Amino acid sequence: MVIKVVNRGHQPLPEYATPQSAGMDLRANLNEAVTLQPLERRLIPTGLHIALPAGYEAQVRPRSGLALKKGITVLNTPGTIDADYRGEIGVVLINLSQEPFVVNDGERIAQMVIARHEQGELTEVEVLDETERGEGGYGHTGVK
């Protein structure tokens, strides 16, 4: 699949690290470093604008190494980029650690996964069909 990209930043285009990678790394496109204080969140620009085909979305997800080693994650994960969005891709980072974290220009801050999706048509009804689970909610399955 070909995805058209306008790169208004100064970082290279994202690419897959290996032939089996699901996501490609997004990089911070900054004029100066940004320091995230503990529990602070910031929108970090990438300089990238994309045009996805209809029926696809781009999901922005945390990088596992940043999450484990530094406590840095994507706040609205996965963030969805719709096929009709043409604005700059921004990544909402949050610092869940107890130490300040510096986001440097060019740093790999998130990964982007391209995924197919469907749109459903909602139809209002009076009652739903019965299932074994029923209304069992969070943590319900597997509890006897």
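**Close-up views of a predicted model**

**View 1. The second largest pocket.** The second largest pocket has a volume of about 170 Å³. The structure shown here is a predicted model. Thirteen residues line this second largest pocket. Nearest its centre lie V60, N76, T80, I81 and G90. Two elements, β8 and β9 (90-95), each give two or more residues to the lining. By class, the lining of this pocket has eight nonpolar, four polar and one charged residues.

**View 2. Strand β9 and its partners.** Strand β4 (residues 41-45) pairs with β9 in the antiparallel sense. Five bridges join β4 and β9. In this pairing, P45 stands opposite G90 of β9. G90 is also among the residues nearest the centre of the second largest pocket. Strand β7 (residues 72-74) pairs with β9 as well, again in the antiparallel sense. Here the count is three bridges. T73 stands opposite I94 in β9. Strands of a sheet pair through backbone hydrogen bonds, either parallel or antiparallel.

View 3. T77 and P78 are joined by a cis peptide bond. Its omega is about -10 degrees. P78 lies in the loop between β7 and β8. Most peptide bonds are trans.

**View 4. The four-stranded open sheet.** Four strands form an open sheet, in the order β2-β11-β6-β8. The pairing is antiparallel. The edge strands are β2 (23-27) and β8 (79-81), each of which pairs on one side only. From one strand to the next, the twist averages 35 degrees. β8 also gives two or more residues to the lining of the second largest pocket.

**View 5. The pairing of β2 and β11.** Strand β11 (residues 108-116) and β2 pair in the antiparallel sense. Five bridges hold this pairing in the model. L26 has A110 as its bridge partner in β11. L26 is also one of the residues that line the largest cavity. In a regular strand the side chains alternate between the two faces of the sheet.

**View 6. The largest pocket.** The volume of the largest pocket is about 210 Å³. It is lined by 14 residues. Of these, E15, Y16, A17, M24 and D25 are the closest to its centre. β2 and β11 are the elements that give two or more residues to the lining. The largest share of the lining, four residues, comes from β2. By class, the lining has seven nonpolar, three polar and four charged residues.

**View 7. The largest cavity.** A search of the whole structure finds one cavity of 30 Å³ or more. The largest cavity has a volume of about 30 Å³. Its lining consists of Q11, P12, P14, D25, L26, R27, T46 and L48. β2 supplies the largest share of that lining, with three residues. The lining divides into four nonpolar, two polar and two charged residues. D25 is also among the residues closest to the centre of the largest pocket. Rolling a probe the size of a water molecule over the atoms shows where empty space is left.

**View 8. The largest nonpolar core.** The largest nonpolar core holds 27 residues. I44, V91, L93, V103, I109 and M112 touch the most other members. The elements that give two or more residues to this core are β2, β3 (34-36), β5 (48-51), β6 (56-61), β7, β9, β10 (101-103) and β11. β11 gives the most, with four residues. In soluble globular proteins, nonpolar side chains tend to be buried together.

**View 9. G65 and I109.** G65 has its place in helix α1 (residues 64-70). In sequence, G65 and I109 are 44 residues apart. In space, the two are 9.9 Å apart, C-alpha to C-alpha. I109 is among the residues that touch the most other members of the largest nonpolar core.

**View 10. L39 and its positive phi.** L39 is found in the loop between β3 and β4. Its phi is positive, about 65 degrees, although L39 is not a glycine. Most residues other than glycine have a negative phi. Is L39 buried or exposed? With a relative accessible area of 60%, L39 is exposed, because exposed means over 50%.

Conventions. Residues are numbered from 1 along each chain as its sequence is written. This is a predicted model: local features need pLDDT of at least 70, side-chain atom pairs count only at pLDDT 80 or more; totals for chains, interfaces and linings use all residues. Side-chain values use heavy atoms; hydrogens and water are left out. Two strands pair if DSSP finds at least two bridges between them. Axes are lines fitted to C-alpha atoms, for helices over the stretch in contact, and angles run from 0 to 180 degrees between N-to-C directions. On a 1 Å grid over the protein atoms alone, a cavity is a set of points where a 1.4 Å probe fits but cannot get out, and a pocket is an open set with protein on both sides within 12 Å along at least five of seven lines; lining residues have an atom within 4 Å of a point. Grid points are joined across faces, edges and corners, and a volume is the space filled by probe spheres set on the points. Ala, Val, Leu, Ile, Met, Phe, Trp, Tyr, Cys and Pro count as nonpolar, Asp, Glu, Lys and Arg as charged, and the others, Gly among them, as polar. A nonpolar core is a set of buried Ala, Val, Leu, Ile, Met, Phe, Trp, Tyr and Cys residues joined through side-chain atoms within 4.5 Å. Buried means under 20% relative accessible area, exposed over 50%, partly exposed in between (1.4 Å probe, protein chains only).
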